[in-house]
Amino acid sequence: MSSTLFMAFALMLVIEGILPFVAPAAWRETFRRLIQFSDGQIRFVGLTSMIIGLVLLILFS
């Protein structure tokens with residue numbers, strides 16, 4: 001179980017690194033827009049992302 005969790009974390013880091021590596025200008029523009037969100041909006045996006053990730057882990061494990 002712990003090696004699966006470690007592999008999932010490593011894969012997440014690889015996926016997060018793809019956009020800034022391939023398209024740094026688009027990545028910068030995305031973050032420029034994100035910093036204009038309120039704390040509630042950012043928390044909602046984070047919660048939604050966590051729920052989707054947990055559902056996918058439950059469905060495929």
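I count a residue as exposed when its relative accessible area is over 50%. Val22 has 62%, so I log Val22 as exposed. The model I am reading is predicted.

**Entry: Val22**

I looked up where Val22 sits. Val22 belongs to helix H1, which runs over residues 2-22. I then checked its distance to Gly53. In sequence, Val22 and Gly53 are 31 residues apart. In space, their C-alpha atoms are 24 Å apart.

**Entry: confidence**

I checked pLDDT before going further. The protein chain has a mean pLDDT of 88. I also noted that 98% of its residues reach 70 or more. Which element has the lowest mean pLDDT, and which the highest? H1 has the lowest, at 86. H2 has the highest, at 91.

**Entry: salt bridges**

I asked how many salt bridges the structure holds. There are two. I took Glu29 and Arg32 to begin with. Their side chains meet in a salt bridge at 2.5 Å, N to O. Both residues lie in helix H2, three residues apart, about one turn of the helix.

Next I looked at Arg33. Its side chain meets that of Glu29 in a salt bridge at 3.3 Å, N to O. Why are Arg33 and Glu29 separated by about one helical turn? Because they are four residues apart in helix H2. Salt bridges that share partners join Glu29, Arg32 and Arg33 into one network. As a reminder to myself, side chains of opposite charge can pair when their charged atoms come close.

**Entry: nonpolar patch**

I looked for nonpolar side chains on the surface. Leu19, Trp27, Phe31, Leu34, Phe37, Ile42, Phe44 and Val45 form a nonpolar patch there. Together they have about 740 Å² of accessible area. Which helices each supply at least two residues of the patch? I noted helix H2 (24-34) and helix H3 (39-59).

I picked out Trp27 from this patch. Trp27 is found in helix H2. Its relative accessible area is 36%, so I put Trp27 down as partly exposed.

**Entry: largest pocket**

I then turned to the pockets. The largest pocket has a volume of about 710 Å³. It is lined by 17 residues. Which of them are the closest to its centre? I wrote down Ala8, Met12, Gly53, Leu54 and Leu57. H1 and H3 each supply at least two residues of the lining.

Notes. Residues numbered from 1 in each chain as written. Predicted model: local features only at pLDDT ≥ 70, side-chain atom pairs only at ≥ 80, totals over all residues. Heavy atoms only, no water. Buried < 20%, exposed > 50% of the residue type's maximum accessible area, 1.4 Å probe, protein only. Patch = residues over 30% accessible without salt bridge, like charges linked within 9 Å, V, L, I, M, F, W, Y side chains within 5 Å. Areas by Shrake-Rupley, 256 points an atom, 1.4 Å probe, with all protein chains shown as cover. Salt bridge = Lys/Arg side-chain N within 4 Å of Asp/Glu carboxyl O. pLDDT = per-residue confidence, 0-100. 1 Å grid on protein atoms, 1.4 Å probe; cavity = no way out; pocket = protein on both sides within 12 Å on 5 of 7 lines; lining within 4 Å. Points joined across faces, edges and corners; volume = space filled by probe spheres on them.
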